Amino acid sequence: MARTDSPRLHVSAPLAEGGAISLSSEQANYLVNVLRLAPGARVLLFNGRDGEFAASLAATERRSVTLTLAAQTRRPQAPPDVEFLFAPLKHARLDYMAQKAVEMGARRLRPVLTRRTQVARLNVERLAANAIEAAEQCGAIWTPECPPPEPLDKALSEWPAGRLMVFCDEEAPQADPLAALSEAKAAGGAGLLVGPEGGFDARERAAILSLPRVVRLSLGPRILRADTAAIAALALFQAVLGDWRAREPVE
């Protein structure tokens, strides 16, 4: 997509040319008090269903803003069929990882609880807020999904047989990650699994490796923190099997 200087906001309401949208108090504060936009200023809106629309500030008050919708700027678009499965981290690093995962094209952020997970409780609303903020920033017109945490065993037992799982594995037999991914096919979508910093235990590794379609992905000779591993793995996946190989046409 072409870069734009107009701010982008995710909303839940339906979008159609000629309609009007009332923003939340947080979004109103951002546009009026942080960005100091005046009536008539251009804003881009998306809701994950109707594409992206241009809008203009029609009225501003202290705690409310109304936008008038103009023409559609981008048609609806299917999200990348990439799920990111991860063991929860502490707040600051989790915020960063969620934002970067969405920017890298993960449509669904799935926290999984492993036997060595260091953080047992996770604020799903905060996770979703960070994911949506990243979608606003990076130009995505789909809404990231953030389901509640689930045990890793459950996620693996319900994993579709035809869906690829990319397992970030420091014991991968193929040292070259590009070669490992080049041998796989992502038709039917894919998941990318990053474990806790203590790694998976023997039972969990056996369960992962028993999946019908699994690629063991090495991330190099150094030990990476989980948030770093997420970015590295998603970059490799998108470059070889994902949407980095195709560019959306500019309209």
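## Overall make-up

The protein chain contains seven helices and eleven strands. Helices (H or I, at least four residues) and strands (E, at least two) are DSSP runs, numbered from the N terminus. This is a predicted model: local features need pLDDT of at least 70, side-chain atom pairs count only at pLDDT 80 or more, and totals for chains, interfaces and linings use all residues. Residue numbers start from 1 along each chain as its sequence is written, and side-chain values use heavy atoms, with hydrogens and water left out.

## Size and packing

The radius of gyration of the protein chain is 20 Å. A compact globule of 251 residues would have one near 18 Å, so the value agrees. The radius is taken over C-alpha atoms, and the globule rule is 2.2 Å times the number of residues to the power 0.38. Along the principal axes, the C-alpha atoms fill a box of roughly 60 × 40 × 30 Å.

Of the 251 residues, 47% count as buried. Buried means under 20% relative accessible area, exposed means over 50%, and partly exposed lies in between (1.4 Å probe, protein chains only). Among contacts with a separation of 6 or more, 74% join residues 24 or more positions apart. A contact means heavy atoms within 4.5 Å.

## Surface and charge

The protein chain exposes about 12,900 Å². Carbon and sulfur atoms supply 51% of that area. Accessible areas come from the Shrake-Rupley method with a 1.4 Å probe; for residues, only the protein chains shown count as cover.

There are 30 positive and 29 negative charges, and their mean positions are 2 Å apart. Lys and Arg count as positive, Asp and Glu as negative; His and the chain ends are not counted. Each charge is placed at NZ of Lys, CZ of Arg, CG of Asp or CD of Glu.

Six strands form an open sheet in the order 8-7-6-10-9-11, with parallel pairing. Its edge strands are strand 8 (150-151) and strand 11 (214-217), each pairing on one side only. Two strands pair if DSSP finds at least two bridges between them.

Strand 9 (residues 164-168) and strand 10 (residues 190-194) run parallel, joined by four bridges. Phe167 stands opposite Leu193 in strand 10.

## Two loop residues

Arg36 sits in the loop between helix 1 (25-34) and strand 3 (42-46). Arg36 is exposed, at 66% relative accessible area. Its phi is positive, about 55 degrees, although Arg36 is not a glycine. Most residues other than glycine have a negative phi.

Gln77 lies in the loop between strand 5 (65-74) and strand 6 (82-86). Gln77 is partly exposed, because its relative accessibility is 33%. The C-alpha atoms of Gln77 and Asp227 are separated by 28 Å, with the two residues 150 residues apart along the chain.
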